[in-house]
Amino acid sequence: MVAFLIRRIGQSIFVILAMAALVFLGVFLIGNPIDVLLAPDADQIERAQAIERLGLDKPLWQQFLIFLLDLARGDLGTSFVHGTSAVGLILERLPATMELAFVALTLAIVVGIPLGVIAGLRRESWLGRTIMTGSIVGFSLPNFWFGIMLILCFAVTLQWLPAGGRGPTGSLFGVELSLLNPAGWPNLLMPALTLAIYKVSLVIRLAYSGTREAMLQDYVRFARATGLSPQRILGVHVLKNILIPIVTVLGLELGSMIAFAVVTESVFAWPGIGKLLIDSIARLDRPVIVAYLMIVVALFALINLVVDILYSVLDPRVRLSDTGN
Amino acid sequence: MSDLSVKAAPPTVDIETPFARFAADYCGSWIAMAALAIVVVLIAVSLLAPLIVPQNPYDLSQISIFDNMLAPGERSMEGRLYLLGTDDQGRDMLSAMFYGLKLSFFVGIVSTALALAIGVTFGIMAAYFGGRIDSTIMRVVDLQLSFPAILIALILLALLGKGIDKVVIALVAVQWAYYARTIRGGALVERQREYIDAAQNLALPAHRIIFRHLLPNCLPPLVVVATIQVAHAISLEATLSFLGVGVPITEPSLGLLIANGYKYILSGKYWISVYPGLLLLLTILAINLVGDRLRDLLNPRLKA
């Protein structure tokens, strides 16, 4: 287990370094930051001074090392637009996005697993067919358009829910969260649903195929033969086995939710890191884009690591085959 | 077509060719048939768009700002009927949607075809040669697939700038890895078979074994992935254009039409965002249903 952990953490660090190199090359070589930073009427001497001050006259590998050192210190420059630390800006907005992603993830599990299991058990019934057809519609819905339709329906026509923004929040250890303040829940509902809809479909499909396969297994037949109640077979034996792929996929999908929050946050004016990224791209706020990418990459590496460890805890077969190498 | 395939089949067994049997199986589901019909109609409509729609919404001489924001079914000052209304610039929504659909199919199909070619080449090379080539290619694939497609496309477009060609580049860059992984899985199994041994013993060149013998036997899962990826690419293009990093506003795109309608959603002008979205949903849904049926038919595990 320790060898597995060490190797797995090494892989995560390699991923972060590789992405740091890609981000560095992509962002710092394709555009010249001098053109953005200097006034258009700056003369050659000012230009040369700025190049020296920013270290752009150094060889590339030295610049990359400096970038890595800054990265390790958590300093990725100052936002051109906001005038404050780029990393600070991201960290300030990260809780809003994480909260949205976690609520959406919870929705996906709470709604998706029961529907998928029902569809898997009653495959030929109209209910099962409706659920599975519905999941294809959920897969196909363009996320941003679904959000707009929700606004049109519940905010414009029915006027039950606010059309956008985060609303009131409660504070926990200095982190602002909507979940802690019931007045903020209506604001959270539509964005979370929009973000969740694709994952609900995904969970339905996973739970459906998992249930179908598990019901044919010998252990289910034996459990039936020993006279266990259907509830116990389903709740203990089947569910445990279908949870393995769902945990893995959802863990990995948490990363994609954080990325997809870019779309949802833009539609609902949700003040998270996704909206910040889109605004920064529109305004060419390079330090913020770099900070977003590096923080998200680190977050993904962390999520993948946790999922792998969880997976080996849930399914001992994985651990055995992995340390065997 | 049918004449030729009948002759090609061995006369002793039965007249049915594999393709004919497959087509008959496909027709077993009326939903899948309807979806296929919708896809064909939509492609035809998008190709014929300039001929069948009432106006060219991207020709400034044909639109009038005085006709802007007309509700569905209203008539212009010259008495022209706007079935689905007009947008803020006086464009006929129906015409703009069909033009947008054409771009959707173009971007979806071209990017999928290019990504397929690149992904298949790398994936099958990884499986056939193995060793260091395999581990290098698959490490890049794994690295890329650990990041969501939307994020990679977004960042690429932020660097490259707007444009249809750039959207295609970004979509190819995010899609190729799926094909590489899919075909590698199938090819690893296939290359253990006797016919590959036989081809190798005949000292055929590697490219001939790969493309003439190995590739055709690895196609079924690719067909499924490619079908669903066309839908995925169409959805991504619309999303990126909606976010303002996709195609420039001078081009017709369903994502841009919806983004434009989004501005007027709070004032109750629903038709500018609702109808392009419905068309987008219909397109993606129909392609996904076709892909779903193909997967059911081509997946041997589900054949009971």
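In chain A, residues 320–325 have a pLDDT that stays under 50; pLDDT is the predictor's confidence in each residue, from 0 to 100. For this stretch the model has four contacts beyond four places in sequence, a contact being two residues whose C-beta atoms, placed from the backbone, lie within 7 Å. Where pLDDT is low, the predicted coordinates should not be read in detail.

This is a predicted model, in which local features need pLDDT of at least 70, side-chain atom pairs count only at pLDDT 80 or more, and totals for chains, interfaces and linings use all residues. Residues are numbered from 1 along each chain as its sequence is written, while chains are lettered from A and ligands numbered from 1 in the order in which they are written.

Helices (H or I, at least four residues) and strands (E, at least two) are DSSP runs, numbered from the N terminus.

| Part of chain A | Mean pLDDT |
|---|---|
| Helix α13 (residues 316–323), lowest | 54 |
| Helix α5 (residues 86–121), highest | 89 |
| Chain A overall | 81 |

Also, 91% of the residues in chain A score at least 70. Chain A has 13 helices and two strands, and its C-alpha atoms fill a box of roughly 85 × 60 × 35 Å along the principal axes.

Now for chain B. Helix α12 (residues 254–262) is largely enclosed by the rest of the structure, because eight of its nine residues are buried (20 or more other C-beta atoms within 10 Å of a residue's own; exposed means 12 or fewer, partly exposed in between; C-beta atoms are placed from the backbone). Among those buried are B:L254, B:I258 and B:Y262. The buried residues of α12(B) pack against α7 (143–157) of chain A, plus α5 (93–129), α11 (219–242) and α13 (271–298) of chain B.
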